[in-house]
Amino acid sequence: MIIDCHGHYTTAPPALAAWRDQQIAALTGDAAAPTPADLRISDDELRETIEPNQLRLMDERGIDLTIFSPRASFMAHHVGGFETSAEWAALCNELCHRVSTLYPERFAPAAMLPQSPGIDPATCLPELTRCVEEYGAVALNLNPDPSGGHWTAPPLTDRSWYPVYEKMVEYDIPAMVHVSTSVNPAFHTTGAHYLNADTTAFMQLVQGDLFTDFPTLRLVIPHGGGAVPYHWGRFRGLAMALGKPELEDHLLNNVFFDTCVYHQPGSDLLFDVIPARNILFASEMIGAVRSVDPRTGHHFDDTRRYAESAKLSEEDWAAIREHNARAVYPRLDTLLKGQGR
C-alpha cells in the first residue's frame with residue numbers, strides 16, 4: 001500500500017475560515033468573540049470538501065491512506081495568546097478527526113498543538129492528550145517558530161520543549177516539524193519560511209544532543225528536508241567541527257524526511273543522499289503547489305511519479321511507500337492491522 005504521511009485539510013468548509021476571521025476580529029474589539037458552538041459543519045459538508053478533492057486525487061494517484069492534519073498555514077500560532085490558539089486548535093483537530101471517522105480506511109488524524117509565542121510548550125499537553133486518547137491521533141505537528149517567521153522561540157533542543165517530548169515518548173507518537181504562516185515580509189510562507197524552517201530545525205538537532213535524552217523520540221522533517229540533502233556535506237562537516245558523531249549515528253535513528261519535493265532531479269537527490277530507511281512517502285497534495293507542470297503535463301505534487309521514476313530498488317520503494325511509515329508511526333500501524341491491512 002501507499003501511505004502519504006503529509007496531508008493537510010486545505011479544503012475545509014468556508015465556515016471554518018469565517019469562524020476564525022471572527023475570532024481574530026474579536027481580539028481587537030471589532031467583533032464579538034465566537035464560541036465553538038457557533039461553528040456548525042455537517043458531515044455532508046465535510047464529504048463535499050473531501051470527495052472531489054483529496055479523495056479524488058488519492059484515488060487517481062493510487063494513494064491508500066493519508067495522515068491528515070489541520071492546514072499548516074491556518075495554525076497561525078502568532079495570533080492572539082494561548083487561549084486563542086487552544087480554542088482554534090481544538091476546532092481544527094476535531095474536523096480532522098471527523099474526516100477520519102467518515103473515511104476510516106483513507107485518513108488517519110494528526111493533531112496541531114495550541115502553541116503561542118513565549119508560552120511554555122507544556123501548556124499544549126492537554127490538547128495533545130485529548131487528540132491521542134479521544135481522537136486516535138497517530139502524529140502531531142510541532143511548530144519550531146510560533147512567532148510566524150521572527151524566530152523568537154528557543155531551539156528544539158532547549159529543555160523547555162522537553163514536556164512535549166516526554167509525552168510523545170509516553171504515547172510512542174512522532175511529530176512532523178512544521179511551521180505555519182510567515183508574517184515576516186522577508187520570508188514568503190511556502191517558498192522560503194517552510195524550507196528555511198526545515199533546514200533550521202535540522203541544524204538545531206545537529207548542534208544539540210536531544211536524542212541522548214530521548215533515544216526513542218522520532219521527528220519528521222517535511223518538504224524533503226529543505227536544504228539538508230543538497231548540503232549534506234556541509235552538515236557532515238559542521239557536525240565534525242562541533243565534535244558530534246557522524247550524522248547517521250547522531251540523528252538518523254530519530255530523524256526522517258518526506259518526499260514533498262516537486263521535481264525529478266530534486267527527488268533523485270533526496271533518494272541518493274538520504275538512506276531509504278529515513279524517507280517517508282508524502283505529497284502534501286492540494287497544498288503549497290497545486291498547478292500542473294507544463295513541462296510534464298502532470299501536477300507538481302504528484303510525487304509518486306518521481307519515486308517510481310527514480311532508481312530505487314523494489315525493497316527501498318516498499319520501505320518508502322509503506323513500511324517506514326508503519327515503523328515511524330506505530331499507532332498508525334496498529335490502526336492498519338486492526339483493519340486487516
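## Helix α1

The buried residues of α1 are L16, W19, R20 and Q23, where buried means under 20% relative accessible area and exposed over 50% (1.4 Å probe, protein chains only). They lie on the same side of α1, because the arc they cover around the axis is only 100°; the arc is taken from the directions from the helix axis to the C-beta atoms. P14 and D21 are exposed residues on the face turned away from that buried side. The cover over the buried residues includes α3 (72-75) and α4 (82-102). Helices are DSSP runs (H or I, at least four residues), numbered from the N terminus.

G29, with a positive phi near 80°, follows α1.

## Basis of the model

This is a predicted model, in which local features need pLDDT of at least 70 and side-chain atom pairs pLDDT 80 or more, while totals for chains, interfaces and linings use all residues. Residues are numbered from 1 along each chain as its sequence is written, and side-chain values use heavy atoms, without hydrogens and water.

## Nonpolar cores

A nonpolar core is a set of buried Ala, Val, Leu, Ile, Met, Phe, Trp, Tyr and Cys residues joined through side-chain atoms within 4.5 Å. The largest has 83 residues, and those touching the most other members are Y9, L142, Y165, M168, F202, L210 and F257. A second, separate core of 20 residues includes I67, V138, A139 and V328.

Not counting residues up to four places away in sequence, F257 touches residues including F202, I221, V228, L252 and L270, contact being heavy atoms within 4.5 Å.

Technical notes: Helices (H or I, at least four residues) and strands (E, at least two) are DSSP runs, numbered from the N terminus.
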